[in-house]
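Reader: Hi! I'm new to reading protein models, and I have this one open. Could you walk me through it?

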Amino acid sequence: MNKKNKEGQTLMESLKFHDKLLMIPGPTNIHPRVLKAMSTPIISMTDKQFFKVMGEIQEGVRYLMKTKNHWTMVLSGTGTSAMEASICNLLEPGRRLMSLVSGYWGERVANMAERMNIDTIRVRSRKMGMPFMLHEIEDALKINRPDVLYVCHGDSSTGLLQPLEGIGNLCRKYDCILLVDGVVSLGSAPLNMDQLNIDVLYSAGQKALSGPPGVAPISLNDRAVEKIRTRKTSVPSFYMDLTLVARSWGIVEHGKFPYHYTPAINTLFGLREAIAMVIEEGIDQLVRRHQKSQILFESMLQQMGLSFYINQANHRLSAIISVLVPNDIDAVRVMRYLDEEHKILIGGPLLVDSNVPKFWRIGFLGTNANPKSISRTCQALSKALSEQRALKSRL
Ligand SMILES: *Cc1c(COP(=O)(O)O)cnc(C)c1O
């Protein structure tokens with residue numbers, strides 16, 4: 001065999017991985033039904049059959065988000081693409097973004113806006129992982145008068161659930177568009193887009209919906225669409241121009257689906273099946289399963305003597321728990337042990353901030369919001385802690 005063949009040798013072997021339990025902030029394990037749907041033979045995006053699929057997915061996303069918005073679609077891109085699309089469509093130089101920063105994502109969105117020369121204001125919570133109070137948000141809106149307010153509903157970097165009640169009404173009062181990141185919270189926390197007066201809401205496939213990564217549902221109400229219509233400059237990204245995406249989803253001209261780009265067709269098949277599974281279970285039931293899982297998980301962790309980064313129980317996400325690393329424990333070694341010995345992955349820190357204590361981010365998203373995944377994780381974690389402590393006491 002010549003050298004050339006040898007180099008590509010391992011590519012000739014089909015992929016085979018250890019099946020791991022993904023107790024991380026995403027992606028979560030995908031149900032075989034969803035994987036199977038993804039292997040459906042491809043059809044063209046110009047095929048009538050695909051238009052039907054797009055219509056079904058739109059209906060599904062409206063159901064998940066509890067909205068009637070006409071402009072409801074799915075981007076072929078990750079959650080971050082929906083974040084970036086929102087910023088570059090709703091804003092332009094001369095307009096102002098106010099980003100609520102209580103974790104990593106508020107900072108990311110501010111960074112994006114600055115790259116587009118958008119006037120960007122960061123409003124920081126009293127402490128990382130602390131939710132904003134309504135009066136704090138109102139004060140900041142009054143002073144800064146932004147065009148768009150960014151709020152991360154479920155913050156996977158800290159485990160914080162930011163209450164949304166009342167923010168939508170404030171945004172109307174101060175003539176501002178409310179942009180909500182529901183990547184983690186859609187499916188794991190109560191979220192009613194229309195009732196909360198959210199103007200733009202986006203999510204992603206791979207979190208509480210247990211779908212594939214690479215697709216991002218997004219919905220815009222009339223206020224948001226109007227904001228885009230009255231831009232002075234064109235959207236700086238062709239790919240992310242939401243008017244073009246909306247067109248391709250048959251939204252702008254009824255029954256017409258003009259080509260914009262080739263969507264992630266098979267990934268959308270997977271998302272369609274993941275949404276179908278949520279519809280079967282019921283969105284409210286899915287949220288309740290996450291909430292029940294949280295209660296179980298927290299009590300098991302507390303029994304092990306562990307505590308949480310977010311103090312107040314009602315501020316904790318029912319999808320990702322930030323568990324403080326005990327002083328005598330090496331966090332990275334625990335993660336390696338869980339991976340190597342138990343085939344379980346948990347998340348490490350995402351925030352790089354010396355004021356923030358060390359914590360693991362343990363996810364129980366979608367398929368893993370169940371007692372079996374949770375007990376298996378707790379048992380392994382308990383072993384990891386006791387083995388590390390035993391080793392230390394022997395030294
Ligand atoms: C994961 C996540 C994102 C980013 O999603 P990607 O699909 O990784 O781009 C955005 N916001 C929140 C809150 C997330 O947890």
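Author: Happy to! One term before we look at helix pairs: an axis here is a line fitted to C-alpha atoms, for helices over the stretch in contact, and angles run from 0 to 180 degrees between N-to-C directions. Keep in mind too that this is a predicted model.

Reader: Okay, so at what angle do α4 and α11 pack?

Author: Helix α4 covers residues 48–65 and helix α11 covers residues 265–281. Their packing angle is about 45°, and the axes are 10 Å apart. Angles under 35 degrees count as roughly parallel and 65 to 115 as roughly perpendicular, so α4 is oblique to α11.

Reader: Is that crossing left-handed or right-handed?

Author: α4 and α11 cross in a left-handed way.

Reader: Which residues meet there?

Author: From α4 you have Val 53, Glu 56, Ile 57, Gly 60, Tyr 63 and Leu 64. They meet Leu 268, Leu 271, Arg 272, Ile 275, Val 278 and Ile 279 in α11. Sorted by class, the contact of α4 with α11 has 9 nonpolar, 1 polar and 2 charged residues.

Reader: Nice. What about α5 and α6, how far apart are their axes?

Author: The axes of α5 (residues 79–90) and α6 (residues 104–115) are 10 Å apart, and the angle between these helices is about 45°. That makes α5 oblique to α6. The crossing of α5 and α6 is right-handed.

Reader: And which residues make that contact?

Author: Met 83, Glu 84 and Ile 87 come from α5, while Val 109, Met 112 and Ala 113 come from α6. The contact of α5 with α6 counts 5 nonpolar, no polar and 1 charged residues.

Reader: One more pair, please. How do α13 and α14 pack?

Author: α13 and helix α14 (residues 371–394) pack at an angle of about 120°, with their axes 10 Å apart. That makes α13 oblique to α14, and the crossing is right-handed. On the α13 side, Arg 333, Val 334, Tyr 337, Leu 338 and His 342 take part. On the α14 side, the contact residues are Ala 380, Leu 381, Ala 384 and Gln 388. The contact of α13 with α14 divides into 6 nonpolar, 2 polar and 1 charged residues.

Reader: Let's change topic. How many residues are in the largest nonpolar core?

Author: The largest nonpolar core has 115 residues, and Leu 149 and Leu 178 have the most contacts inside it.

Reader: Which residues is Leu 178 in contact with?

Author: If you leave aside neighbours within four places in sequence, Leu 178 is in contact with Leu 149, Val 151, Ile 167, Gly 168, Cys 171, Asn 197, Ile 198 and Asp 199.

Reader: Now the loops! Where is Pro 27?

Author: Pro 27 sits in the loop between β1 (21–23) and α3 (32–38). The peptide bond leading from Gly 26 to Pro 27 is cis, with omega near 0°.

Reader: And Thr 158, is that buried or exposed?

Author: Thr 158 is buried, because 32 other C-beta atoms lie within 10 Å. Its place is the loop between β6 (154–155) and β7 (160–161). Not counting residues up to four places away in sequence, Thr 158 touches Ser 102, Gly 103, Met 128, Gly 129, Tyr 309, Ile 310, Ser 322 and Leu 351.

Reader: How far apart are Thr 158 and Pro 27?

Author: From C-alpha to C-alpha, Thr 158 and Pro 27 are 17 Å apart in space, and they are 131 residues apart in sequence.

Reader: What is phi for Asn 117?

Author: Phi of Asn 117 is near 55°, which is a positive value in a residue other than glycine. Asn 117 lies in the loop between α6 and β4 (119–124). With 12 other C-beta atoms within 10 Å, Asn 117 is exposed.

Reader: And what is phi for Lys 343?

Author: Lys 343 has a positive phi near 55°. You can find Lys 343 in the loop between α13 (331–342) and β12 (344–346). Lys 343 is partly exposed, with 14 other C-beta atoms within 10 Å.

Reader: Last one: where is Gly 77, and what is it in contact with?

Author: Gly 77 is in the loop between β2 (71–75) and α5. Gly 77 is buried, since 22 other C-beta atoms lie within 10 Å. Leaving aside neighbours within four places in sequence, Gly 77 is in contact with Ala 82, Gly 214 and Ala 216. The C-alpha atoms of Gly 77 and Ala 204 are separated by 8.7 Å, though these residues are 127 residues apart along the chain.

Note on methods: Residues numbered from 1 in each chain as written. Predicted model: local features only at pLDDT ≥ 70, side-chain atom pairs only at ≥ 80, totals over all residues. Helix = DSSP H or I, 4+ residues; strand = E, 2+ residues; numbered from the N terminus. Parallel < 35°, antiparallel > 145°, perpendicular 65-115°, else oblique. Left-handed = near helix turned anticlockwise from the far one by under 90°. Contact = placed C-beta atoms within 7 Å. Nonpolar A, V, L, I, M, F, W, Y, C, P; charged D, E, K, R; others polar. Core = buried A, V, L, I, M, F, W, Y, C linked by C-beta atoms within 7 Å. Buried ≥ 20, exposed ≤ 12 C-beta atoms within 10 Å, placed from the backbone.
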